[in-house]
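The following exercises concern the reading of a two-chain model. Please examine the sequence and the structure before turning to the solutions.

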Amino acid sequence: MMDKWTFGFTMLIVGMGGTIATLILFSLVMAGLKKVFPYKKGEDE
Amino acid sequence: MADAMLGGLWGLVAGVAAFHWSNAVMMIVGGVLLYLGIKKGFEPLLLVPIGFGCILVNIPLAGLMDKGGFLRTIYDFGVITELFPLFIFIGIGAMTDFGPVLENPYTFLLGAAGQFGIFLTLLLALALGFPYLDAVTIGIIGACDGPTVIYVASQYAPHLLGPVSVAAYSYMSLVPVLQPPIMKMLTSKKEREVVMKTGQKTVSKMTKLLFPIVITIIGGLIAPHGLPLLATIMLGNFMKESGAVARLTKTSENELANIVTLLLAICIGATMSGPTFVQPTTIIILALGLLAICLDTVCGVLFGKILYVVTRGKINPLIGAAGISAFPMSARVVQREGQKYNKRSFLLMHAMGANAGGQVGSVMAAAVMLSVLKGMGII
């Protein structure tokens with residue numbers, strides 16, 4: 001079993017890093033989708 | 001005859017005889033939760049059944065949480081199986097409008113920054129000697145999201161379900177008290193007064209419809225172990241945005257959410273039995289939970305300051321505080337604080353974006369955590 005600091009820093013770096021990276025990816029993908037499917041004035045009516 | 005009479009009488013006093021001082025303490029705690037819920041309006045939908053469940057489970061010999069007891073039956077059905085938090089997430093997804101975060105996708109990053117408290121608190125819990133999965137469960141209080149906390153706790157540290165749930169829900173309702181001093185401390189007057197422009201609508205219906213599917217697939221591929229959390233909130237949102245299943249959407253955000261909230265909350269209360277809850281570790285857990293949410297706010301605001309610098313003053317750092325999952329309360333706190341420093345500043349829609357980003361961020365943080373744990377062989 002790994003020591004607690006190895007566990008903790010792995011969770012911090014990989015866990016937080018993974019979360020940030022995933023959300024950056026989400027923001028890029030959604031920005032791309034907005035370009036592919038642009039808002040058309042009046043589509044909400 | 002005398003024996004029978006004595007036996008019968010004993011049956012009536014046994015409950016009182018078995019009453020422990022810790023049961024009395026927990027009944028008072030239950031009463032406090034009821035007071036906070038009813039009189040102060042702090043998350044009453046949760047604190048009222050939690051408080052009542054807490055009082056019930058501290059009446060000795062009733063067997064409510066014994067095998068076959070009515071609360072145990074509900075607990076085994078919905079909490080141990082993780083069904084209850086997932087059902088609630090369907091309702092939350094059906095109630096949430098992710099439009100503001102889609103208008104400004106950079107607010108996803110604020111949602112990420114708002115999750116730092118989870119991992120920092122995890123480290124601190126480890127330093128204090130908590131076992132790995134207990135430390136993970138304590139850290140997840142920083143997700144500021146009840147169903148996520150319950151999902152993780154019920155699976156990996158069910159003995160902590162009571163304190164972490166009470167901590168998560170209580171501190172969420174204290175966000176209007178906890179966040180403003182931190183926001184003021186970390187920002188300058190000039191930063192607080194920034195007026196952010198409100199842009200035109202830029203999100204099409206198709207984008208809103210594709211959002212939950214895209215997020216589910218990408219998020220699920222990256223963090224498959226957390227897919228149930230992600231998928232259920234996105235299912236609820238997809239039903240809402242499709243407009244094709246209005247009855248299901250309405251049921252999800254009303255009847256389903258309400259029924260499951262009642263059953264889940266009473267089960268959480270039922271885990272708060274005196275002998276198990278009244279421990280020194282409970283106080284430490286409550287303190288760590290508070291720290292987690294404060295650290296989330298600190299990191300969110302600091303990231304907001306980075307964006308302020310990068311955008312040369314276009315972004316008000318206060319919106320960073322909304323990058324937590326206390327939706328929509330945190331956004332309203334940011335709006336109120338922004339108005340306090342500059343009457344011309346209307347931060348609500350930007351803060352709602354950060355808040356919705358925080359909702360996605362907290363779910364992703366939990367999903368990533370679970371997948372990392374799986375990868376390390378811990379679970």
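The model is predicted: local features need pLDDT of at least 70, side-chain atom pairs count only at pLDDT 80 or more, and totals for chains, interfaces and linings use all residues. Residues are numbered from 1 along each chain as its sequence is written, and chains are lettered from A and ligands numbered from 1 in the order in which they are written.

**Exercise 1.** Describe chain A by its secondary structure, its extent and its burial.

*Solution.* Begin with the elements: chain A has one helix and zero strands. Helices (H or I, at least four residues) and strands (E, at least two) are DSSP runs, numbered from the N terminus. Next, along the principal axes, the C-alpha atoms of chain A fill a box of roughly 60 × 20 × 10 Å. Finally, of the 45 residues in chain A, 31% are buried. A residue is buried if 20 or more other C-beta atoms, placed from the backbone, lie within 10 Å of its own, exposed if 12 or fewer, and partly exposed in between.

**Exercise 2.** Characterise the side of chain B that touches chain A.

*Solution.* First, 36 residues of chain B are in contact with 28 residues of chain A; contact requires C-beta atoms, placed from the backbone, within 7 Å. Helix 7 (107–113), helix 8 (116–127), helix 14 (205–222) and helix 20 (348–376) of chain B each give two or more residues to this side. Helix 14 of chain B provides the largest share, ten residues. By type, the side divides into 27 nonpolar, seven polar and two charged residues. Here Ala, Val, Leu, Ile, Met, Phe, Trp, Tyr, Cys and Pro count as nonpolar, Asp, Glu, Lys and Arg as charged, and the others, Gly among them, as polar.

**Exercise 3.** Which peptide bond is cis, and where does B:P328 lie?

*Solution.* The bond from B:F327 to B:P328 is cis, with omega near -5°. B:P328 lies in the loop between helix 18 (280–310) and helix 19 (329–341) of chain B.

Technical notes. Two residues are in contact if their C-beta atoms, placed from the backbone, lie within 7 Å.
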